[in-house]
Every structure is written in structure tokens, then in C-alpha cells.
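Please keep the sequence and the structure in view while reading.

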Amino acid sequence: MLIYLRVLKESFNFAISALKNNRLRTFLSLLGVTIGIFSIIAVLAAVDSLKKDITGSLSALDNSTVIVMRFNFGPSEVPRWKREQFPDVTYEEYQNLKKSLPDVEAISFALGVPGGSSIKYQDVTSTGVDIGAVTHEYYDIEAFELEEGRFFNEPEAVSGSGVIVLGHEIANNLFGDSNGLGKEVRIFGRRATVIGVLKKQGQSLFTGSRDGQAFVPANFARRVYGTTKGTVFPQIVMKPEDGVDNDEFVAMLEQQLRNMRGLKPGEINNFFVNQLQGFADFIDNITGQLNIIGLVISGFSLLVGGFGIANIMFVSVKERTNLIGIQKSLGAKNKFILSQFLFEAIILSVIGGMVGLFIVWLVSIVASQFTGDFEFVLSPLNILIGTAVSAVIGLISGIIPAISASKLDPVEAIRTGM
């Protein structure tokens with residue numbers, strides 16, 4: 001064991017010597033490994049960061065959440081022209097499902113008001129606000145965190161009262177540091193009383209942030225916009241009870257909605273039942289494909305880097321032929337010489353890989369500065385993967401030069417090196 005530690009130390013010294021004495025040659029040879037490791041880890045880190053951001057954005061909703069609307073989250077076999085003819089879900093359908101659909105923990109009707117709206121308080125106006133018009137049950141489905149105040153209740157939701165819950169950024173724009181509860185703002189050209197302010201959430205690169213949103217009762221928005229197709233984007237959001245089989249629940253939901261719409265057997269559904277679990281699986285599939293594409297592209301860089309390491313080792317064997325002969329004449333075994341050059345190749349490759357990892361780390365810091373609250377993650381697992389891949393590339397690249405060095409005849413080696 002001690003002899004191999006000694007070999008490792010000597011190999012490290014030889015590797016450092018190669019870096020010092022032949023800086024340009026070694027730099028160019030290691031550049032392929034550096035670029036390859038940078039590419040692989042950058043792709044893995046970017047995909048992990050994106051996945052973490054998406055997962056964090058969706059964490060407020062349970063994976064069992066079901067959303068019924070005329071649009072689908074993922075790919076569909078239904079032609080686009082046919083999907084465009086689907087009717088919107090209605091408030092009446094929400095009411096009927098609320099009464100008749102079993103095994104539902106909470107069910108809510110929601111409208112997305114398109115185009116962004118303005119909220120005005122005295123002489124201050126917040127523009128481009130994303131308005132969520134929902135029924136009171138939405139609070140039980142999504143994990144809202146209120147900084148102050150409350151969400152609207154059932155009587156306010158049913159009557160379409162002029163009440164509003166503001167995101168943190170909107171409240172800050174309108175009222176500054178003062179308390180906005182109880183103050184009247186104007187939205188859709190009508191008055192609404194602020195009854196709650198959401199906690200600061202921070203930006204999300206993929207799904208946006210609650211900070212720039214506001215929530216009003218669905219019936220408040222319906223009085224303004226009505227239910228004209230294309231004006232709003234209605235959806236019925238529901239959360240099944242714990243332990244309920246999702247497939248059975250969705251089948252029951254589809255059957256009830258088909259009956260409400262008078263669809264005949266054989267006719268396709270003119271609505272989509274979107275499940276967040278299915279959306280999460282779709283995201284996993286996309287990120288998996290991105291990882292594969294990144295690894296294939298990075299593989300070419302590593303191939304070039306491997307040839308560079310092999311080139312360094314062949315040159316090193318040639319330059320140290322005399323030394324190899326002397327070592328063998330003093331009793332050094334083939335496996336000792338083999339280990340010496342293999343360790344040197346691995347060390348050189350790992351050095352190149354560490355440079356690549358350092359560049360990824362720098363890029364992650366810079367990227368995080370320009371993407372707001374989006375966090376570019378360089379995980380310990382990715383660092384471990386980068387180091388391991390570097391070592392493997394060094395091992396593969398150095399094995400042929402190491403074998404050739406271990407098989408040198410000591411007499412011929414001394415004579416050739418003189």
C-alpha cells in the first residue's frame with residue numbers, strides 16, 4: 001500500500017512538472033478535457049436548476065391536482081382545428097360538479113384575465129398585473145401564504161363582492177411601506193377593497209411569481225367580462241381526497257362532464273382533464289432529453305480531450321525512456337511502471353476537469369446575478385460526476401501509453417534514452 005502511495009506522489013510530481021515545463025503543450029492537450037467537463041456539468045447544472053425552479057413553482061399545488069379546461073398542458077392527438085372548437089368550461093358546470101362529484105376535497109372555478117390589468121390607488125397605478133379570478137375554494141387547493149389580512153370567503157365569492165388580495169410586489173408599489181388593508185383600489189374600472197396581501201415569493205424563471213398577481217372573486221370578474229369565449233380562460237381546479245385512485249377519479253369526472261355536455265358514446269371529449277402529475281412527468285421527460293443531448297455533444301469534446309491526454313503520455317514515455325530503463329534495471333516491476341503512468345494520466349485529466357468545474361462555478365455565480373431569484377445550482381453530485389468522468393477519461397487515455405512504458409526492455413530503454 002505504501003509503495004502505491006509513493007507512486008501516486010511521484011506521478012503527481014511528474015504531472016505538475018509537465019504542466020510547468022511544457023505549459024502550452026499541456027494546456028492545449030488538457031483543453032479538450034476542460035471543455036468537455038465544462039459542457040457536461042454546465043448542461044447537468046442548467047437542467048437541474050430549471051427542474052428545481054419548476055418543481056418549486058409547482059410545489060404550491062399537490063401533484064394530484066386536476067385542472068379541467070379546453071386547453072391541454074402537453075401534446076395531444078386531437079387536431080388543433082378541432083381543439084379550437086372546444087367550448088370553455090362554465091361556472092354552471094363547476095357548480096354541478098361541486099354538488100355531484102364524489103371524493104373531492106376542494107373544487108374551485110378560476111378565470112385568467114388576459115393581457116394584464118391595471119390597479120389604481122389614488123394617483124399610483126400598477127400596470128400589467130396578472131389577475132386571478134377564483135372562487136373561495138382556491139385557497140384550500142393552493143398553498144397561499146398571507147403576510148397580512150385574509151382570503152375572501154364563500155359569501156364574498158358567491159356575491160362577487162368588490163374585494164381583492166394583492167401580491168407582495170403590487171401592494172408595495174401601491175402603498176409603499178404602509179398597510180394597505182381596508183383601502184380601496186380601482187380594478188376593471190370598479191372599486192375593490194384590499195382584504196389581504198400575499199407573502200413575498202420571489203421570481204420564478206419558468207412560471208412567474210405570485211408577487212405580481214392579484215386575486216378577486218370569480219363572479220366579480222364575470223360581471224365585467226361575462227363568459228364570452230376568448231375573453232377569459234375558465235378552468236375548474238380540483239383536488240381529490242387523499243387515498244383516492246386518480247385514474248378512477250378522472251374517469252368519473254370525465255363521465256359526469258360528458259353527461260352534462262350531452263356527448264354521445266364514440267364522440268371524443270371536448271375538454272381536457274390535465275393532471276399536475278402528468279405535467280411533472282412531461283417536464284421530467286423533457287429535462288431527461290436535454291441531459292442526453294448535452295451528454296452526446298459533450299462526449300465529442302471529451303473524445304478530443306482523451307486524445308490530448310494520450311498524446312501527453314506518449315511524449316512523456318518517450319522523454320523518460322532512460323529513466324524507465326534505470327527503474328527496471330533496479331528491480332521495478334511492470335505493474336509499478338504501469339501504475340506510475342496511469343496515475344499521471346488520471347491526475348492530468350482531473351486537473352483539466354477541475355478547471356472546467358471552476359469555470360462552471362464562475363458561470364453559475366454570474367448567471368444567478370442576471371436571473372433574479374432564479375438559482376443556478378452546481379450540486380455536489382454534479383461536482384462528483386465531473387471529477388469521476390475526468391478520472392475515467394484519464395484512465396482510458398493513459399492505459400495504452402502506460403502499457404507501452406511497462407513493456408520496455410530495460411537495456412534497450414537505457415540505450416535509447418542516452
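A polar contact is a pair of N or O atoms within 3.5 Å; within protein, one atom must be able to donate a hydrogen and the other to accept it. The structure is a predicted model. In this model, the side chains of Ser-108 and Thr-135 are joined by a polar contact of 2.8 Å.

- Ser-108 is a residue of strand S2, which covers residues 104-121.
- Ser-108 counts as buried because its relative accessibility is 0%, and buried means under 20%.
- Leaving aside residues up to four places away in sequence, Ser-108 touches Tyr-94, Val-134, Thr-135, Glu-137, Tyr-138, Ile-141, Gln-235, Ile-236 and Val-237.

**Arg-70, a buried loop residue**

- Arg-70 is located in the loop that runs between strand S1 (66-69) and helix H3 (80-83).
- With a relative accessible area of 10%, Arg-70 is buried.
- The side chain of Arg-70 forms a polar contact of 2.7 Å with the side chain of Asp-88.

**Two loop residues with positive phi**

- Asp-103 is not a glycine, yet its phi is positive, at about 60 degrees.
- Asp-103 is placed in the loop between H4 and strand S2.
- The relative accessibility of Asp-103 is 39%, so this residue counts as partly exposed.
- Gln-122, also a residue other than glycine, has a positive phi near 55 degrees.
- Gln-122 is found in the loop between S2 and strand S3 (124-134).
- Gln-122 counts as exposed because its relative accessibility is 61%, and exposed means over 50%.

**The packing of helices H4 and H9**

- Helix H4 (residues 91-100) packs against helix H9 (residues 246-261) at an angle of about 130 degrees, and their axes are 11 Å apart.
- This angle makes H4 oblique to H9.
- H4 and H9 cross in a right-handed manner.
- On the H4 side, Glu-93, Asn-96, Leu-97 and Ser-100 make the contact, while H9 contributes Leu-253, Gln-256, Leu-257, Met-260 and Arg-261.
- Sorted by class, the contact between H4 and H9 comprises four nonpolar, three polar and two charged residues.

Methods
Residues are numbered from 1 along each chain as its sequence is written. This is a predicted model: local features need pLDDT of at least 70, side-chain atom pairs count only at pLDDT 80 or more; totals for chains, interfaces and linings use all residues. Side-chain values use heavy atoms; hydrogens and water are left out. Axes are lines fitted to C-alpha atoms, for helices over the stretch in contact, and angles run from 0 to 180 degrees between N-to-C directions. Helices (H or I, at least four residues) and strands (E, at least two) are DSSP runs, numbered from the N terminus. Angles under 35 degrees count as roughly parallel, over 145 as roughly antiparallel, 65 to 115 as roughly perpendicular and the rest as oblique. A crossing is left-handed if the near helix is turned anticlockwise from the far one by less than a right angle, and right-handed if clockwise. Contact means heavy atoms within 4.5 Å. Ala, Val, Leu, Ile, Met, Phe, Trp, Tyr, Cys and Pro count as nonpolar, Asp, Glu, Lys and Arg as charged, and the others, Gly among them, as polar. Buried means under 20% relative accessible area, exposed over 50%, partly exposed in between (1.4 Å probe, protein chains only).
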